[in-house]
Amino acid sequence: MPHREPVLQGPRLLRPSEWGLVLAIVIAVGLTALADANHSYWFQPLESLRDIARNTALLGIFALGATVVIIAGGIDLSAGSMIALSGTVCATTMLLLAPLQMMGFKPVGPAIVAVACGASLLVGFLVGTLHTWLITSIRLPPFIATLATLVGLRSFARALCESSTAALTPTKSALINVSDPFFKMVRENVWIPVAVFGVLALITWLILSRTVLGRHLHALGGNEQAAKLAGIRTDNVKWFAYCFGAMSAALAGLFYVANESVAAPVNQGRGHELNAIAAAVVGGCSLAGGVGTVPGTVLGAIFLRVVIDAVSKLIKTGADVYEGLIVGIVVVIAVTFGQIGQMAKGGRRLLPGALGLCAIPTLAILCGTIVAMTTGTRSGLVSAFAAVVLLGLVRWWESRRTA
Amino acid sequence: MSHAQNAVVMQGITKRFPGVVALENVSLEVRRGELHAICGENGAGKSTLMKILSGVYQPDDGTLQIDGAEVGFASTRAAEQAGIAIIHQELTLVEDLSVAANVFLGREKCRRVGGIDFGFLDEQAMTKECGRLLELLECSVSPHARTANLRVGDQQLVEIAKALSLNASIVVMDEPTSALTESESARLERTIARLLASGTTILYISHKMDEVFRLADRITVLRDGRHVQTVNRADTTAREVTGWMVGRDISGVDFREPRSRGKKLLEIHDLLLPWPEHPRGYRLSNISLDLHAGEILGVAGLMGAGRTELLETIFGAVEPTWTGTIAVAGKPVRFRHPREACAARIAMVTEDRKRLGLFPDLDVAGNISLCSLTDTLVRGFVNRGREESLVAAPIRDTGVKTTGPHASIMGLSGGNQQKCIIGRWLLTKPHILLLDDPTRGIDVGAKAELYRLINQLCREGMGVILTSSELPELLALADRIIVLAEGRLTAEFERAEATEQNIMEAATL
């Protein structure tokens with residue numbers, strides 16, 4: 001009996017969940033425009049757009065790298081440290097080739113800038129190679145291998161920064177100022193990182209959806225054994241994935257240096273690896289591998305930055321303090337949306353047993369504290385109480401439904 | 001016989017894995033254009049030998065000749081280039097990819113851009129070619145379909161399409177019909193006939209005798225990693241081949257002297273386990289059965305028929321989305337977790353021993369005591385002494401051959417590992433024992449011991465539900481046999497009326 005199977009690849013531009021993200025972005029922007037007391041989206045639309053575009057491009061560039069690694073069934077935790085190392089390598093190279101100009105805050109010339117940027121990308125390639133070697137030859141799990149480089153590379157970058165400044169400048173320093181006009185130009189023209197992000201996204205999309213390599217990346221992440229038995233050199237495919245991941249982070253590192261006019265290995269890109277993974281996951285990547293799209297990750301990155309920007313507009317001061325919290329909440333909510341349908345169908349409960357009972361006050365305290373810190377003690381207490389009532393109702397309804 | 005006649009000559013092939021010799025000094029000659037059947041029990045070395053031929057494994061010893069030239073394959077790709085394609089027994093498809101993508105996996109067709117090959121996929125050409133191959137196989141699925149959504153039989157055909165796309169001169173089929181329905185098997189046989197007519201040599205692994213005798217020109221039998229016989233089909237009988245496979249006549253094994261049936265332990269009525277996002281819509285449908293104390297209920301069915309799902313549903317190991325009633329000792333139950341099933345005195349030995357049964361890092365005692373660790377506590381701590389005395393009884397009762405409770409579980413043979421797992425559950429003093437293909441991958445001698453053990457447990461008053469992929473096993477042990485086909489219960493036989501013939505018919509309904 002013939003029956004029609006759901007067809008996998010249609011001619012459509014975005015998948016339904018990605019249209020959902022587009023909608024979420026529009027809603028987030030709309031709400032911020034309405035709720036922001038300064039109405040900056042109305043009065044300074046270009047500046048707001050520029051801020052969001054720059055931040056999205058910087059996050060997006062290495063989120064694309066994370067996407068490729070995740071689709072190949074791996075994980076790269078080291079992106080943030082790779083950003084710091086890339087910036088340090090770039091600045092150190094310039095310091096080495098033109099110490100006087102660097103110390104005098106003078107232009108070093110386009111040739112030296114090109115060599116320095118090239119050196120950073122080369123280091124990205126080397127780090128990707130190191131990851132692949134650790135994973136395929138030593139057989140470390142990707143999580144362990146890149147956890148080691150997450151910790152190790154940042155320390156390595158700091159040591160490199162200190163020893164190169166000690167050798168080449170009068171004083172040892174934990175940062176290197178970069179004042180070449182090229183970097184100033186990149187900082188002042190937001191379209192440059194945005195264009196680089198756009199082009200990189202297009203290339204990544206072409207590779208993943210239109211080339212043999214992309215097909216093999218999906219196959220590797222979906223079923224490594226089957227990929228091997230199909231004669232695919234899975235180690236080489238992994239090599240590409242991890243190099244792509246590390247080199248995209250290296251590229252982002254150059255933009256971080258341009259943005260801040262300084263290579264500061266202590267703090268640059270710290271924790272950003274998780275934002276990249278979050279953008280990929282919000283965009284529909286499965287950490288089990290084999291599943292994910294470039295449009296999804298691009299939208300995921302935009303959504304993350306839009307929400308972070310919204311919160312910074314709404315809570316005037318110290319918005320960066322809340323950045324991690326926002327990313328965490330957005331990831332949980334985005335993935336929960338995918339799960340709720342299955343939960344209802346699978347007869348699973350949101351708040352089962354003793355665990356569910358303890359989860360109610362936990363969530364209420366979390367919610368109340370956040371509101372109390374941002375808007376005031378009274379509204380904090382009110383929202384904590386509201387959360388208890390709401391979750392209590394959910395639990396009561398669930399226990400009735402299953403009884 | 002001249003050498004020019006042989007497509008494949010394997011000589012003195014030996015392959016060892018840690019702790020086992022999978023093949024010992026096996027020689028095989030396959031004539032060009034013939035269908036050569038390789039028969040043997042599970043673990044006889046059939047699949048290993050074919051994996052060596054197709055470059056998955058490299059032999060430790062021995063030589064391989066293809067068309068008279070000596071070769072050594074470092075990889076599957078090298079074997080493919082020599083014109084050898086293998087259709088593996090376990091499906092090796094990437095479920096998230098489309099059918100066409102799977103067929104051309106590792107050998108994608110490319111589209112040149114400006115005369116240069118950038119590695120861009122030529123989807124159109126692959127879709128078209130895949131469609132042509134599927135049509136040849138009389139398979140109606142779309143090349144665009146997501147592979148995960150296909151039925152097992154159609155997935156198998158995708159594997160075959162993959163081999164066909166290579167234009168291989170030698171095709172190895174490793175139990176290709178084990179998951180197919182009757183009509184799908186017939187469809188496959190027509191394909192095989194076409195391949196043979198075009199001069200392809202086929203090596204065909206199967207332990208279905210009717211199939212082998214219908215298709216094969218010659219038959220080779222392996223047993224315990226050794227070559228036993230190679231004969232012309234016309235010169236032998238199914239009975240003789242089966243005899244070579246097991247090394248002795250097993251028809252004498254019969255534990256079916258009357259057992260006394262006790263009170264009703266389990267009753268299932270109109271069980272339906274839904275399967276959302278699958279064309280069939282259910283994993284199990286319309287299942288009704290009962291089980292009494294002192295009775296062995298056999299569950300027969302092909303791969304993917306729902307045997308494991310049935311046991312898992314009873315054991316609370318699936319999300320409780322089923323409808324219908326399951327009653328244990330007269331009381332309706334709905335287990336949400338295997339723990340609740342354990343509390344109701346139900347035990348389950350899983351099908352995939354390595355993945356779902358054993359804890360390779362625990363020793364023999366640790367593997368057996370796992371479900372009853374609370375009995376070993378002294379002041380809240382696990383006491384090794386009490387653990388040892390606790391596991392002594394099941395080790396003795398199930399007849400585990402081990403150097404002691406602290407031996408490594410991975411050092412035991414498959415049969416002894418299985419006895420350890422049964423021992424683990426005996427410690428929970430179950431009334432109902434669910435055994436999911438307990439003799440899979442176990443050698444003949446150990447099988448007989450397990451049969452004796454199961455029979456004895458049953459006589460002591462336990463109710464046993466036993467699934468098996470081998471019908472003779474069910475026929476030898478079970479009091480009653482129910483048959484599943486694609487999730488439906490299609491027949492129930494009392495021991496007197498059950499034969500391999502009528503069970504197979506019901507399993508392919």
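pLDDT is the predictor's confidence in each residue, running from 0 to 100. Colour by it and start with chain B: the mean is 86, and 95% of the residues reach 70 or more. Chain A averages 89, with 94% of its residues scoring at least 70. For the model as a whole, ipTM is 0.75 and pTM is 0.79.

Some housekeeping: this is a predicted model, so local features need pLDDT of at least 70 and side-chain atom pairs count only at pLDDT 80 or more, while totals for chains, interfaces and linings use all residues. Residues are numbered from 1 along each chain as its sequence is written, and chains are lettered from A and ligands numbered from 1 in the order in which they are written.

**Stop 1: confidence along chain A.** Select residues 1-11 of chain A, where pLDDT stays under 50. The model has 20 contacts beyond four places in sequence for that stretch (a contact means C-beta atoms, placed from the backbone, within 7 Å). Now for the elements; helices here are DSSP runs of H or I with at least four residues, strands are E runs of at least two, and both are numbered from the N terminus.

**Stop 2: domains.** The bounds come from an automatic or database domain assignment. In chain A, select 24-343 for domain 1 and 350-402 for domain 2; their C-alpha centres lie 35 Å apart. In chain B, domain 1 is 3-83 + 168-246 and domain 2 is 294-305 + 344-507, with 32 Å between the C-alpha centres.

**Stop 3: where the chains meet.** Here 29 residues of chain A are in contact with 34 residues of chain B. On the chain A side, the elements giving two or more residues are α10 (212-222), α11 (224-229) and α15. α10(A) gives the most, six residues. By class, that side of chain A has 13 nonpolar, 11 polar and five charged residues. (Ala, Val, Leu, Ile, Met, Phe, Trp, Tyr, Cys and Pro count as nonpolar, Asp, Glu, Lys and Arg as charged, and the others, Gly among them, as polar.)

**Stop 4: α3 and α13 of chain A.** Select 45-71 and 272-282: the axes come within 8 Å and cross at roughly 65°. Axes are lines fitted to C-alpha atoms, for helices over the stretch in contact, and angles run from 0 to 180 degrees between N-to-C directions. Under 35 degrees counts as roughly parallel, over 145 as roughly antiparallel, 65 to 115 as roughly perpendicular and the rest as oblique. So α3(A) and α13(A) are roughly perpendicular. Show side chains for the contact, including Phe62(A) and Ile70(A) in α3(A) and Ile277(A) in α13(A). The contact has nine nonpolar residues, two polar and no charged.

**Stop 5: α4 and α7 of chain A.** Move to 79-97 and 142-168, which pack at about 20° with their axes 8 Å apart. That makes α4(A) roughly parallel to α7(A). Among the residues that meet are Met82(A) and Leu85(A) in α4(A), and Phe156(A) and Cys161(A) in α7(A). The contact divides into 12 nonpolar, five polar and one charged.

**Last stop: α1 and α14 of chain A.** Which way do 16-35 and 294-314 cross, and at what angle? Their axes come within 9 Å and cross at roughly 15°, so α1(A) and α14(A) are roughly parallel.

Definitions and conventions. Two residues are in contact if their C-beta atoms, placed from the backbone, lie within 7 Å.
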